[in-house]
Amino acid sequence: MGNLFASTNSKVVGLFFSLIIFLFSFILSIVLGKTPITLQVAIDAFLNYDESVTEHIIITTSRLTRAVIAAVIGASLAIAGTLMQALTRNPLAAPDIFGINAGALFFIVFSATFFSVNSLVHYMWIAFIGAAVAAILVYFLGSIGHEGLSPIKIVLAGAAITALFVSFTQGLLVIDEQGIQSVLFWLAGSVAGRSMDMLLPVLPFIISGVLVALFLGKAINILMSGDDVAKSLGQNVILVKVMIGIVVVFLAGGSVAVAGSIGFIGLIVPHIVRGIIGTDYRWVIPFSALIGASLLLLADVAARFVIMPQEMPIGVMTAFLGTPFFIYIARRGLTRND
Amino acid sequence: MTKFISVRSKSGSISCQLNKKTLYIFTILFLFSLLIFVISLSVGSSHIHPLAVIKHLFGYGSGEYDFTINTLRLPRVLLAFLVGSALGVSGLILQGIVRNPLASPDIIGITGGASVGAVIFIVYFVGAISIKLMPLAALLGATIVSIIVYSLSWKKGVTPIRLVLIGIGVAAAANAIVTMFIVLSDTFATTRAYLWLTGSLYGANLQDVLSMLPWVLIFIPVSLLFSRTMDVKELGDDVALGLGVNVQLQRLLLLFISVSLAGAAVAFAGGIGFVGLIAPHIARMLAGRSFAGLVPTSALIGGIIVMVADIVARTAFLPLDIPAGVFTSGIGAPFFIYLLYRNRNM
């Protein structure tokens, strides 16, 4: 499939297609739901907003925000996953599998329980710190030993750190029974019922993360040819790796602060993208952003219908989508010679 | 006098070699666990003098502690010990099968499966059916998930690495299912489910102890029958195959024992984490590498860890009763990181 979009022109066309898929998913997310809305009404809601029309209110107060948040989070998680898979050369790398989501989540629940933090800006910084702590721990644990960073070791380290933070979080929730309901949505991951105010403080970090990621494409291409080759080509390997790490923390930590722990988007999307357009990271990263946004939008639409009249938490939806994928990769093997 | 004692059945199918040092270690650990046992019975919201506890246990007490010790503390302490030893041996077997020190029942999805069973039970059946059947639901969940993990890992045989990776994936799916049921349930069930998920020995009664006992008494001795296989497997699957071990069949049987032990432990005490991970590590530091020596050592160490964690859980934040699982994770995880760091060049 890698040859399908081999030339630059075809990649531009491909990117255009992804953009259309993204817009289509975005519109679906606005019109479909418990109250179905026709496209005409949806357009009216933006052009001639009328407060007396219920559908217009639904769109502006809930659906639009929800779609924007899903798109931003989907894109962030997909880019974070892409960068992590490149950095660790591991097809199973993703923010949730390597414990970054669990770390950010634990730090949020911890500060909410003991320091009564409830400002969104604080949550965001706490999520960044949690994400960074987990990322460093997992990278360190996965690298110790004489063979250095091995794919299986880092996956196990990620699972162990996830188990650690999850059990700490559960312990806190048992101590603080009242707290459970207020943080439950973070645990399950959700893009519903958020106001734009929750996204705004995080948005500058996510946007700069995405921009830096786009500029890193070329450097990642060089890095993928091996540390030694990259060094001899004059690349400051450490700097590139640290930059990737910081971008991952901003994107993954920011996502958790806004929408809680949403798994598997970061795992699936890079594989789909690399399967379609190959391994040129200057292209993989923008494609991942669009496909990630579309996938989370569609997952969110599906979450509204599977157990009508209730809504499925979106983290559960993505887990159901992602587990078969995870198992497929695990069966195929982590390295070529497995 | 040699350093080793050899035990061998007539046909040679069961055979192991024990280092004499292991026997000393075992004796010391046994005495230590008795000490913890007595301390465990004496501390709590009302303190009882250790000598009074011992008197009471031997039947010379005045009867004033009948309720506190017999009804409240004894079942809880015994259950803690049984659960810990089951988890310790389960982790030991699993790490042996996978030949990786990072494997444990909580990581490869056994605990996750049990959680799904238990949470479905808490959300839908508590009230309708007696809560006493919950361990059965958890055990059923653990078994089903283990079968799923094992069959998905099958591709002309099961390799250890594939087993672990698939286990991690399935564990993530199990967590998602648990989250789904919790989000969809009411507050009461949510709190109850979290208490169980974290792993707590709160409210253990004699019935629980009696139900847990057969699992430990049957499966831990049975695992000793596999000493020869496990010692050979240390050398790698290829060597084991060359020495005439039916690798796939033995692995399936060992996995079955490991799941039964972990499943039963999780069923009665919830997700007490990291015991299955660290107990075998400590055992290997103390008792060398012979599987026959490691089984009882891991069992004792696992039992001691959970008893100590439960003492801390009951007394540290009086009158609050914190789930013991928080402390096993809190002590277990940093210790685990230290172990990994210490053994980085081995």
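Predicted model: local features only at pLDDT ≥ 70, side-chain atom pairs only at ≥ 80, totals over all residues.
Colleague: Which element of chain A has the lowest mean pLDDT?
Modeller: For chain A as a whole the mean pLDDT is 85, and 94% of its residues reach 70 or more. Among the elements of chain A, the highest mean, 93, belongs to helix α13 (residues 281-305). At the other end, with a mean of 68, is α7(A).

Colleague: Which element gives the largest share of the side of chain A that touches chain B?
Modeller: The contact involves 38 residues of chain A and 42 residues of chain B. On the side of chain A, the elements giving two or more residues are α6 (151-175), α7 (177-188) and α14 (314-332). The largest share, 14 residues, comes from α6(A).

Colleague: How many residues on the side of chain A that touches chain B are nonpolar?
Modeller: That side of chain A includes two charged residues and ten polar ones. The nonpolar residues number 26.

Colleague: Is Leu267(A) buried or exposed?
Modeller: Leu267(A) lies in helix α12 (residues 265-277) of chain A. Leaving aside neighbours within four places in sequence, its contacts include Gly81(A), Leu92(A), Phe325(A) and Phe326(A). Leu267(A) has 28 C-beta neighbours inside 10 Å, and a residue with 20 or more counts as buried. Leu267(A) is therefore buried.

Colleague: How far apart in space are Leu267(A) and Met124(A)?
Modeller: In sequence, Leu267(A) and Met124(A) are 143 residues apart. Taken from C-alpha to C-alpha, their separation in space is 23 Å.

Colleague: Arg89(A) and Phe264(A) each have a positive phi. Is Arg89(A) buried, exposed or partly exposed?
Modeller: Arg89(A) has a phi near 50°, a positive value in a residue other than glycine. The residue is found in the loop between α3 (54-88) and α4 (100-114) of chain A. Because 16 other C-beta atoms lie within 10 Å, Arg89(A) counts as partly exposed.

Colleague: And is Phe264(A) buried or exposed?
Modeller: Phe264(A) is placed in the loop between α11 (237-259) and α12 of chain A. Its phi is near 75°, again a positive value in a residue other than glycine. With 29 C-beta neighbours inside 10 Å, Phe264(A) is buried.

Colleague: What is the radius of gyration of chain B?
Modeller: Chain B has 14 helices and two strands. Its C-alpha atoms fill a box of roughly 60 × 55 × 40 Å along the principal axes. A compact globule of 346 residues would have a radius of gyration near 20 Å, and the value for chain B agrees with this: 20 Å.

Colleague: What share of the residues of chain B is buried?
Modeller: Among contacts in chain B between residues at least 6 apart in sequence, 76% join residues at least 24 apart. Of the 346 residues, the share that counts as buried is 55%.

Colleague: How far apart are the end C-alpha atoms of residues 77-95 of chain B?
Modeller: An unreviewed UniProt entry lists residues 77-95 and 252-279 of chain B among its transmembrane regions. Residues 252-279 are 82% helix, with end C-alpha atoms 22 Å apart. Residues 77-95 are 100% helix, and their end C-alpha atoms are separated by 27 Å.

Colleague: How many residues does the largest nonpolar core have?
Modeller: Those with the most contacts inside this core are Ala127(A), Ala131(A), Val83(B) and Ala86(B). Beyond four places in sequence, Ala86(B) touches residues including Trp215(B), Val216(B) and Leu261(B). The core has 234 residues.

How values were computed. Residues numbered from 1 in each chain as written. Chains lettered and ligands numbered in written order. Contact = placed C-beta atoms within 7 Å. Helix = DSSP H or I, 4+ residues; strand = E, 2+ residues; numbered from the N terminus. Nonpolar A, V, L, I, M, F, W, Y, C, P; charged D, E, K, R; others polar. pLDDT = per-residue confidence, 0-100. UniProt positions renumbered as here; feature names shortened; annotations may be inferred. Rg over C-alpha atoms; globule rule 2.2 N^0.38 Å. Buried ≥ 20, exposed ≤ 12 C-beta atoms within 10 Å, placed from the backbone. Core = buried A, V, L, I, M, F, W, Y, C linked by C-beta atoms within 7 Å.
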